[in-house]
Amino acid sequence: MSLPPRLIEGYESFRTGRLPAEQSRYRELAEHGQSPEIMVIGCCDSRVSPEVIFDARPGELFVVRNVANLVPPYSPDGEYHGVSAALEFAVGALRVKHIVVLGHAHCGGVRAFAEDHAPLSPGDFIGKWMSLIAPAAEKLGPRGDMSPSDYLVRLEQASIANTLDNLSTFPRLRHLIERGHVILHGAYFGVATGELSMLDPQSGRFVPAVARLPA
Ligand SMILES: [Zn+2]
């Protein structure tokens, strides 16, 4: 059974294009190991690839992706915790200096939480996972007369802030943040526009990460 043709084509393109250009970098990374300074926590959504958005080279970003870019609070309960394990490795072994929570517009996971009458999928896991958004929704308050699309943007962004709060519940990470060794960032990608905004900790608002391109 061969791989899907799209993957074979893509790999051929990588093998003849990017690989020769970066061969020495790959060899060096293989020999000396990776030492990325930036961890990105992003959504599984196929439109929001951190390596594409940040034009990253191999070895630059340590990425963990899950539905709706969430991090559960610190909970050493003997269960399986994929995100916490990745975080532990990034902070304890790689000693990353920055952790970026990258949310995005039109997030199906956030919408599933907001419109709980229309679950993202039937099954055993999504509902429980999406309940991690509940504290963000509570802080945001009732929808009021906000349009559904405005509310979803607000909830997507509030959830990023809540995920940053959850990161601070990990004792070792909190210690490093307090000492200035690790900096947390919230970022939000507009899928249609391609615009990236970042959470301004002072105002709590998302502001353009770079000056807008001229129209
Ligand atoms: Zn998403």
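**Close-up views of a predicted model**

**View 1. The largest cavity holds about 40 Å³ of space.** The model shown here and in the other views is predicted. The structure has one cavity of 30 Å³ or more. Lining the largest cavity are Ala68, Asn69, Gly103, His104, Cys107, Val110, Glu156, Ser159 and Ile160. By class, four of the lining residues are nonpolar, four are polar and one is charged. Strand 3 and helix 8 each give at least two residues to this lining. Helix 8 accounts for the largest share, with three residues.

**View 2. A zinc ion is coordinated by Cys43, His104 and Cys107.** The donor atoms are SG of Cys43, NE2 of His104 and SG of Cys107, at 2.0 to 2.3 Å. Along the chain these donors have the spacing C-x60-H-x2-C. Cys43 in strand 1 and His104 in strand 3 are 61 residues apart, and the pair links distant parts of the chain. Cys43 counts as buried because its relative accessibility is 5%, under the 20% cut-off. His104 is likewise buried, with a relative accessible area of 1%. Two of the zinc ligands, His104 and Cys107, are also among the residues that line the largest cavity of View 1.

**View 3. The largest nonpolar core comprises 25 residues.** Within this core, the residues with the most contacts are Met39, Ile41, Leu87, Ile99, Leu167 and Leu173. Two or more core residues come from each of strand 1 (38-43), strand 2 (61-66), helix 4 (82-94), strand 3 (98-104), helix 8 (148-167) and helix 9 (171-178). Helix 4 gives the largest share, six residues. In soluble globular proteins, nonpolar side chains tend to be buried together.

View 4. Another core, of 16 residues, lies apart from the largest one; Leu70, Ala136, Ala137 and Leu140 are among its members.

Note on methods:
Residues numbered from 1 in each chain as written. Predicted model: local features only at pLDDT ≥ 70, side-chain atom pairs only at ≥ 80, totals over all residues. Heavy atoms only, no water. Core = buried A, V, L, I, M, F, W, Y, C linked by side-chain atoms within 4.5 Å. Buried < 20%, exposed > 50% of the residue type's maximum accessible area, 1.4 Å probe, protein only. Helix = DSSP H or I, 4+ residues; strand = E, 2+ residues; numbered from the N terminus. Donors = N, O, S within 2.8 Å, 3.2 Å for Na, K, Ca; no water. 1 Å grid on protein atoms, 1.4 Å probe; cavity = no way out; pocket = protein on both sides within 12 Å on 5 of 7 lines; lining within 4 Å. Points joined across faces, edges and corners; volume = space filled by probe spheres on them. Nonpolar A, V, L, I, M, F, W, Y, C, P; charged D, E, K, R; others polar.
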